[in-house]
Amino acid sequence: MAGKLCASEDGKNWKEVALIQNSKFKNQDSNSQLSTFNFQLTKARYVKALLDVSADGQPFELEEWEVWGRGGVKAQPVAAPARKGAVQELAGGNWKLVRASALKDTVQLGERLSSANFDDASWMVATVPGTVFTSYVATGAVLDPRYADNQLFASDSYFKSDFWYRNTFKAHPNSERQFLHFDGINYKARIYLNGKYVGGIESAFDAARFDVTGLLKEGTNYLAIKIVRNPNYGEAKVQDAFWPNLNGGILGGDNPTMHATIGWDWIPSVRGRNIGIYDKVYLRYTGNVTVDEPFVRTEVPLPDTTRATIIASAKLCNHSQKPVTGVLKMHFGELTLEEPAQLQAGESRLISFSPATLQHPRLWWPNGYGKQELYPVKFEFTQGAQLSDSVNFLSGVRQFDYVMEKYTPQSKSHFTGRNNNQRLSLYVNGRRFVGFGGNWGYPELLLNYGSREYDIAVGYHAAQNFTMIRNWVGMTDNKAFYEACDRYGILIWQDFWLANPADGPDPYNVEQFKNVAQRYVRRIRNHPSVALYVARNEGYPPEEIDQFLDKMVPEEHPGLYYIPHSGADGVNGGGPYSALPVKDYFTLHGQDKILSERGMPCVMNFENMARAFGAENVNPVNTDEHPNLIYGLHDYCLGVSDKWSAQVTRSFNQMLAKAFGEPADAKEFGYLAQWINYDGYRAIFEARSVYRRGLLLWMSHPTWPSMVWQTYDYFFEPTGAFFGCKKACEPVHIMVNPIQDSVTVVNYHAGDLKDVTATVRILDMYGKEVKKQSKTFSINEDQTIGCFPLQVPQDITDVYFVKLSLAKTDGTVLSENFYWRGREEGNLRALRTLGETQLSMKTQSLGNNRYKVEARNIGSVPALMIRLKAMDSATGDLILPVWYSDNYFFLMPGESKEVVISTTGQQGSVIIKAEGLNTSN
């Protein structure tokens, strides 16, 4: 093998530092030994090997390559948090990490690594909680795969390995019992403490606890954990400008695991498949009896909501070798229940409380239906005056009811399954629930989300008037996600870990799958937001798993419903996933059942395109004529006949070009794309107005810097799609039905409304009113009313506007809507001829990082698609996350609009800027 080694300071200017000649590298199928060669030490930031001749003339690839150097940033661990009461988190501190192959494997290796006399000075500083790959990124050992094309510069082969974690920590075991807890590891773990084997964990999504009483020492302790990789690792997938590559793969055989990390058309292959300690590790100090699997549920005798029945239970475990007598108490707000309990030595027993009545309960409602009232719940076991263990959480009083009703389908189904002539309806506290929201495929590429990020993301869903999230293939298991859904009133469609049958094999270990599924339901069942269990994405599960789940779910979570197929059995699914003309969304399949998937690309704004791609990579925009690999790597794949892509972003390009002409550059592309984002996502939801059956976007949440299937981007910037969704998903909404060409009002969950007035104004391209219509009527909740045909004059300008409002008799506005239309559908090019206008901007601080902005059009022509931007004076960057009461709006000459903006985390003062097609600020 021959070639040369090159080095560079800037990644652009390279110099040769060594020749590689006649080198023999050990091959996995050969006994040839690795040759060495020497070169003079050189200073560089980048290193590359150019290998152009193989030993036998056959093609070759470089699977693994490690480069060592001196200098640069040295990773420093954060301090371990102090113990708080009964809990000691083992985050930060002295965690270290090493590839298992770097150690000489022996029978006693785990015992030796968890002993005091082992030296781990050469190991890498580890991030815990965090995956293996996260630690490598955090220390700078590999490039951040979320940026530009960095994903291509990390060896998939290198991370196809087992890894060892090691931690040194101090403890003060001053309780009768001490337990070591793991909230999440992937894929398997072997755990050692102070020279002794503690136990193993056999799957992701399976929280585990180990009794370490007697093993945990006063003072310094040593913990070693072997993370065992997925046996069905599969191959890394690489996208290009046209093709997103194939979804899924053999990793599905290991389910439950992080199946999506093998690569899909919305997430790249993650090196290592996110094995590691991805969730909390902590110690709990208790008495001899622990409170396990606490469960509280409520029943409301509808229509009477003045009382609720509280049904509670918990398992008590006596870890001692002596009989124990005590009292188990459960507190639900001010309500207290108690049961005496006697446990034999080593006994575990389920204790159920007698059902109790809670008078005048404060009900928990979905977002927009009412308040999300949460009660503090506490289970505790005491022996006399001594507390042995307690568990605390929040829960709510709500009544779910499910009806699988027979009906005559009015719309085609994408999937053919059981119960084709039935549809599922969900009622919450007696009101029919309409599930608007999206699929949450994966929280974050490297699982780098904590409570803050989950709160922002779920809060963004609530801000869009969404009511439901589908936990797609069940790959989000962090407690903070469920707690955020409880707080914001977002119901959870909970999948189990089974992707489309074509995207991966059935689980090879069915018993393991079943065991984890049962334990997982017990983990999440106290959350009032959990509303529906679904076995498999776009297919039926294996019969054994289906029969198990069908029986297990109602036993472990009474009152909840289970269906086996995400696109059949009372629901519908199946896309499409590309950008379509607005009218098309009103004629697609699946109108009269809740639809589990439908979406279109969603382009980021220019600022974050540059942030994600690198400013040098944003041009040219990815088109058939000028393919750009970076766009393709970030999911903006054009699609060609022999390399199909679900997103088919070529259609997005075509719609944008028809509307405005080809964009001049990426900056203009990013802005103009928001018109397509807003209009398309609004139409996806407005098309549900006839039957009011609900829809879940594919997708609402981005797992990394993607250009498709999201409403806000990876950096938490709300796009035009965000505000299109927010508009369409209002509790009561006025809209134009483009098929009927009529004004329609749909009342999803605003209560019965009497004497409301719908008004439509037709404006020409210059903002002049050419037609006005009004109608007063009453509309009940869960009703759609067609008001009147839309009357557009024949001589209207090439582009015109439709402005709608719905108001009470006292003038209170219930809903507003604004459409831009071309006489030729989709052609808005005449807007380019309008000329510039000017905005007057006034900003008032409301305190607590809240600002009221008044934007006024002081020009003579309409101000088009105004985007407000909150900027940080200290950095010049966008302030993110950010909450706008509205954005991407139009102002006619003389019109003004007030927008409330909430910011967080800025370093300097807040500067509000505006940009539009024909205005800037």
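**Exercise 1. Find out whether Leu629 is buried, partly exposed or exposed, and say why.**

Step 1. Leu629 has a relative accessibility of 40%. Partly exposed covers the range between buried, under 20%, and exposed, over 50%, so Leu629 counts as partly exposed.

Step 2. Keep in mind that you're looking at a predicted model. In it, Leu629 sits in helix α8, residues 629–633.

Step 3. Together with Leu143, Leu152, Phe153 and Val238, Leu629 makes a nonpolar surface patch of about 440 Å².

**Exercise 2. Work out which parts of the chain the salt bridge between Glu293 and Arg522 ties together.**

Step 1. Start with the contact: the side chains of Glu293 and Arg522 meet at 3.2 Å, N to O. The cut-off for a salt bridge is 4 Å.

Step 2. Glu293 belongs to strand β16 (residues 289–299) and Arg522 to helix α5 (residues 510–524), so the bridge ties together parts that lie 229 residues apart in sequence.

Step 3. Check the cover. Glu293 is partly exposed at 28% relative accessible area, and Arg522 is partly exposed too, at 22%.

Step 4. Widen the view. Glu293 and Arg522 belong to a network of salt bridges that also takes in Lys315, Arg525 and Glu556. For the whole structure, the search turns up 50 salt bridges.

**Exercise 3. Decide whether Lys96 and Asp120 are buried or exposed, and describe how their side chains meet.**

Step 1. The side chains of Lys96 and Asp120 form a salt bridge, with 3.6 Å from N to O.

Step 2. The two residues are 24 apart, and the pair links distant parts of the chain: Lys96 is in strand β5 (residues 96–99), while Asp120 is in the loop between α1 (109–113) and β6.

Step 3. Anything under 20% relative accessible area is buried. Lys96 has 16%, so Lys96 is buried. Asp120 has 12%, so Asp120 is buried as well.

**Exercise 4. Compare the backbone at Asp782 with the backbone at Tyr888, then follow the side chain of Asp782 to its partner.**

Step 1. Take phi at Asp782: the angle is positive, about 60°, although Asp782 is not a glycine. Tyr888, also a residue other than glycine, has a positive phi near 60°.

Step 2. Where are they? Asp782 lies in the loop between β37 (769–779) and β38 (783–789). Tyr888 is in the loop between β44 and β45 (889–891).

Step 3. The side chain of Asp782 meets that of Arg692 in a salt bridge of 2.7 Å, N to O. Arg692 lies in the loop between α10 (666–686) and β33 (695–697), so this pair joins two loops whose residues are 90 apart in sequence.

Step 4. Arg692 has 15% relative accessibility and so counts as buried.

**Exercise 5. Locate the cis peptide bonds that join Val128 to Pro129 and Leu880 to Pro881.**

Step 1. Pro129 is in the loop between β6 (124–125) and β7 (130–131).

Step 2. Leu880 and Pro881 are also joined by a cis peptide bond, again with omega about 0°. Look for Pro881 in the loop between β43 (863–872) and β44 (882–884).

**Exercise 6. Describe the lining of the largest cavity: which residues are closest to its centre, and which element gives the largest share?**

Step 1. There are four cavities of 30 Å³ or more in the structure. The largest holds about 160 Å³ of space.

Step 2. Its lining is made of 14 residues, and Leu424, Ser425, Leu426, Phe433 and Ile594 are the closest to the centre.

Step 3. Two elements give two or more residues to this lining: β25 (422–428) and β30 (530–536). The largest share, three residues, comes from β25.

Step 4. Sort the lining by type, and you get 10 nonpolar, two polar and two charged residues.

Definitions and conventions
Residues numbered from 1 in each chain as written. Predicted model: local features only at pLDDT ≥ 70, side-chain atom pairs only at ≥ 80, totals over all residues. Heavy atoms only, no water. 1 Å grid on protein atoms, 1.4 Å probe; cavity = no way out; pocket = protein on both sides within 12 Å on 5 of 7 lines; lining within 4 Å. Points joined across faces, edges and corners; volume = space filled by probe spheres on them. Helix = DSSP H or I, 4+ residues; strand = E, 2+ residues; numbered from the N terminus. Nonpolar A, V, L, I, M, F, W, Y, C, P; charged D, E, K, R; others polar. Patch = residues over 30% accessible without salt bridge, like charges linked within 9 Å, V, L, I, M, F, W, Y side chains within 5 Å. Areas by Shrake-Rupley, 256 points an atom, 1.4 Å probe, with all protein chains shown as cover. Buried < 20%, exposed > 50% of the residue type's maximum accessible area, 1.4 Å probe, protein only.
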